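Please read the following points alongside the coordinates.

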Amino acid sequence: MQDTIRREITIKASKERIYEAIANPEQVTKWFPETLEGNYEVGEQPIFGFGDYGKNQICIIAAQPHEYFAYRWVPGANHFLGDVLIVPNTLVEFRIAEQADGTCLVTLTESGFANLPIELMESAFDQNSGGWDFMLSRLVKHCEAA
Amino acid sequence: MIEAEIYKALGDPIRLEIVKRLSHRSPSTVGELSKNLGISRQGARKQLQVLINANVVHLKQRGRQTDVALDTKTLQIARQFITKLENQWDDRLEALKKYVEESD
């Protein structure tokens, strides 16, 4: 049984471009959270806003251009505002690797599920369902606008 | 929340090893599962109890020996939980791809 989620996607762009989309606060809000408050820098704890679905404070762990970006968050919280590091959390990591054909492979891992307490996992389930709906509604909006 | 209990139960190398062994051969006897775990039989029994409490495995008395069987239904629920999270990340990564490739 897994403690870690691992997903991959191939993107036709340079690793610099992809890294910017992940690590630049003005760009990450174009595809992931709707809003971002606070400093989006290593050691800081900015807040991801997901519209009506709530806000999640995260802690940026690493930002290594143009290959690696990592943060910790509380996957269970619909509204987690507080010190991420003193509560059970998961580690989210993005890795960008150039491939021979000029595309990049982006690997996402989220780990730490085995250590989450029961109550948190319970709300994580709700949160993630909510997040799913949120992403879908954004996608629909995006498609309609195009 | 049943999934949480499962993950908690599996968040230990000994218990994970027990489940791995069972995934190759289920049911197994308590004696078979307790072998070469690097802990006492009593310790193994204790770890087994955690798995039983989380409904990952269940015991079945067969004559004089006790069989341990994987509770596949429970594991299936855990699988569904992980799948849901994976789908969510797939969706996010698609959004990242779309954004990066279309804004070039």
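1. In this predicted model, Lys97(B) and Glu101(B) are joined by a salt bridge (a side-chain nitrogen of Lys or Arg within 4 Å of a carboxyl oxygen of Asp or Glu), with 3.1 Å between the closest N and O atoms. Both residues belong to helix 5 (residues 72-102) of chain B, where they are 4 residues apart, about one turn of the helix; helices here are DSSP runs of H or I with at least four residues, strands are runs of E with at least two, and both are numbered from the N terminus. Glu101(B) is partly exposed at 26% relative accessible area, a class lying between buried (under 20%) and exposed (over 50%), with a 1.4 Å probe and protein chains only.

2. A further pair in chain B links Asp67(B) to Arg62(B) by a salt bridge of 2.6 Å, N to O. Asp67(B) is buried at 7% relative accessibility, whereas Arg62(B) is partly exposed at 48%.

3. In chain A, Arg95(A) and Glu93(A) form a salt bridge of 3.1 Å, N to O; Arg95(A) is partly exposed at 37%, while Glu93(A) is buried at 11%.

4. Arg7(A), Glu86(B) and Asp90(B) are connected in a network of salt bridges, and the search of the whole structure gives 11 salt bridges over all chains.

5. As to confidence, chain B has an average pLDDT (the predictor's confidence in each residue, from 0 to 100) of 82, and 86% of the residues score at least 70.

6. Local features need pLDDT of at least 70 and side-chain atom pairs count only at 80 or more, whereas totals for chains, interfaces and linings use all residues. Residues are numbered from 1 along each chain as its sequence is written, chains are lettered from A and ligands numbered from 1 in the order in which they are written, and side-chain values use heavy atoms, leaving out hydrogens and water.
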